Amino acid sequence: MQDLQQKITAGAFWMVGFRLVERTLGFVSTLILARLLLPEDFGVVAMALSIMAILELLGSFNLDMVLIQKQQAGRDQYDTAWTIRVIYGVVCALLLLLLAYPMAAFYREDRVIPIMAVTALGTLLASCENIGTVDFRKDLRFQMEFKFRLRRKLVGFFTAVPLAFLLQNYWALVLGSLATSVAGLVQSYTMHPYRPRFSLVAVRELFAFAGWLQLNNVLWFLHSKSSSFVIGRVAGASALGVFTLGSEISALPSTELTAPINRAVYPGYARLAHDHALLNAEFLRVLGMIWLLALPASAGIAVLAEPIVHVLLGPNWTAAVPVLQVLAVQGALQIAQGNIGYVLMAAGRARLFTIQLALYPAISLPLIVYFGGRNGAIGAAWGYLLAAIPMVPISYAVMTRVTGLRLSAVLSSVWRPAFGALLMAACVYGFWKIAGSRVPAAWTILALAGAVLVGALAYAVSVYVLWRWSGRPASAERAALGWLNGRLGGRLARA
C-alpha cells in the first residue's frame, strides 16, 4: 500500500508539474493569439467546434478508462477499443462534412464551412492513434504520458503562433489544431511498440462498462457546453468569444491542476477498489492535495480578474472581466468536489455516478437558457454558478453512500487549504487596491506579478502554520513537503 501511495503521489506531482509546463505553452499561445486576433476570430472557431465537441463526446466511449479499470485487459480488449475508435473517427469526419452547411446556416456564418472540413481531417487522424499509449497511465509511467502529450502540444504551438503573425486570422487556430492531431498520430506509434489490429471480439465486454461512461459524457456536455449554442445564437460571435476565453482562463485550476492529478490517481483507485477503507484513505489524501493546489488558484483568478484581462489580453477583452470572476467562483465549487466521480468509476459504480451527473444539466440548462438569453455571456456564467452550488453536498452524499466516507474526515483534510485560500484572497485584494491603483499603466504587469507573489507567500505561510498547529498530521501538506524535500535533495528537512 505504501509503495502504491508513493507512486500515486509522485505521479500526481509529476503530472501537475509537467502539465504546468505544457499549459504554459498553451497559455503563452493564447496570449499571443489574443493580441494578434480579434474576439470574432475565436468566436467563429468556437462555432465550428461546437458540433465537433458533440460528435467527439458521443464517440469517445472513455475506452482508455475501461482498459485501466480492467486490470487484466489483453490484446482482444485493446484491439477492440482501437477498432471502435477508428470506426467512429470515420463516421465523425463524414458527419462534420455533412453538417458544415446546416451549421453555417444556423449561426448565419459561412466561414464555419471550411473550418469544419479541416476539423474533419484532424478528427480522422486523431482516431487512429495507437491504443497502446494507455499503458503509460495504467502502469503508472507518467513521465512517458506527459512526454507524449507535450510533444503534440509543441507541434501545435510552433504551428499556430507563426501562422498568427503571418495570416492574422482564425486559420492560425484551425491549422494549429490540425498539426497537433498529426503529431499525436505519429508520436503514438514511435513511443509505444504496440501495434493494434482490427477486431471487435470484446465489444460486448467493453460496452458493459463504457456505456455508462458514455452517458456520463453526454450529460457533462449538456451541462458544460450548452452555453456555446445559446450565446452563439442569441448574442453572436463576439460574445461567444468572450465567454469561451473567460471560461478557459477560469478553468485553469481544474484543467491544469485537478485534471492531471485525476489522471495520475485513477489507476491507483482501480487497484484499491476492492477495499473501501483503503480507497477512502487514498481519496482523502488526494482530495487534500487537490484543495491544496487548485483552490488558491481559483481564488486568485477571481480576485485578480480585472488586471489579468487588461494586462494579459488587452483592451478588446474588457467584457470578459465579470465572466471570469463568476466562473472562477464556479470553478472553486467544482474543485471542492475533488474527484468523487473517479472513485465511483474505479469502484465499478458508474451507474450511480451517472444518476448524480444527470442532475447537472437538469439544473444548469434552464438557468443557462434563461440568464444567457437575457444577458449573454455573463448570464450564462451566473447560470453555471447557481447550478454548481447544490451539487457539492449531493456529490458527497453519493460518496458517503457508496464507500461509507465520513464527512468529518473530509473537513479534517480540507479546512486548512480553505482557510489559507480565503486569507490569500484578502491579502491579494488589499495589495492590488493599494499598489495596482498607484502604478503607471506601463508598470501594471509588475504590480500584477507582485500581487501573485504576495498571494503565494500568504497562502504557503498560513497553510504551513495551520498544519504545524494541527500537530503535523499525515495529510496533503506532508506529502507536498516530502515531495519537495526529495526534489531538493533533503535540504528542506535539514533547514
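Trainee: Let's start with S413. Which helix is S413 found in?

Mentor: S413 is found in helix α18. Keep in mind that we are looking at a predicted model.

Trainee: Is S413 buried or exposed?

Mentor: Look at the relative accessible area, and call a residue buried when the value is under 20%. For S413 the value is 15%, so S413 is buried.

Trainee: And which residues is S413 in contact with, leaving aside neighbours within four places in sequence?

Mentor: On that basis, S413 is in contact with L284 and G288.

Trainee: Okay, let me zoom out. How many helices and strands does the protein have?

Mentor: The count is 21 helices and zero strands. Of the 495 residues, 55% count as buried. Also, take the contacts between residues at least 6 apart in sequence: 83% of them join residues at least 24 apart.

Trainee: How do I describe two helices that pack together?

Mentor: Two packed helices are described by the angle between their axes and the distance between the axes.

Trainee: What about charged residues, then? How many salt bridges does a search of the whole structure find?

Mentor: Four. Let's take some of them in turn. R75 and D79 meet through their side chains at 2.9 Å, N to O. Both lie in helix α4, residues 75-107, four residues apart, which is about one turn of the helix.

Trainee: Are R75 and D79 buried, exposed or something in between?

Mentor: R75 has 30% relative accessibility, so R75 counts as partly exposed. D79 has a relative accessible area of 3%, so D79 is buried.

Trainee: Where should I look for another pair?

Mentor: Go to helix α12, where R285 and E282 lie three residues apart, about one turn of the helix. They form a salt bridge with their closest N and O atoms 2.6 Å apart, and both residues are buried.

Trainee: Which parts does the R416 and E477 pair tie together?

Mentor: R416 lies in helix α18, residues 407-436, and E477 lies in helix α20, residues 476-487, so the pair ties together parts that are 61 residues apart in sequence. The closest N and O atoms of this salt bridge are 2.8 Å apart. R416 and E477 are buried.

Trainee: Now for the nonpolar side chains. What's the general idea there?

Mentor: In soluble globular proteins, nonpolar side chains tend to be buried together. Here, the largest nonpolar core has 133 residues, and F243 and F283 have the most contacts inside it. Leaving aside neighbours within four places in sequence, F243 is in contact with S227, I231, V323, L327, A377, A380, A381 and Y384. A second, separate core of five residues includes L25, L150, F157 and V161.

Trainee: Can we look at one more residue, I115?

Mentor: I115 is found in helix α5, residues 112-127. Its relative accessibility is 0%, so I115 counts as buried. Not counting residues up to four places away in sequence, I115 touches V44, V45, A48, Y170, W171 and V174. The C-alpha atoms of I115 and L49 are separated by 8.5 Å, while the two residues are 66 residues apart along the chain.

Trainee: And is I355 buried or exposed?

Mentor: I355, in helix α16, residues 350-388, has a relative accessible area of 52%, so I355 is exposed. From C-alpha to C-alpha, I355 and N216 are 8.8 Å apart in space, and in sequence they are 139 residues apart.

Key:
Residues numbered from 1 in each chain as written. Predicted model: local features only at pLDDT ≥ 70, side-chain atom pairs only at ≥ 80, totals over all residues. Heavy atoms only, no water. Helix = DSSP H or I, 4+ residues; strand = E, 2+ residues; numbered from the N terminus. Buried < 20%, exposed > 50% of the residue type's maximum accessible area, 1.4 Å probe, protein only. Core = buried A, V, L, I, M, F, W, Y, C linked by side-chain atoms within 4.5 Å. Contact = heavy atoms within 4.5 Å.
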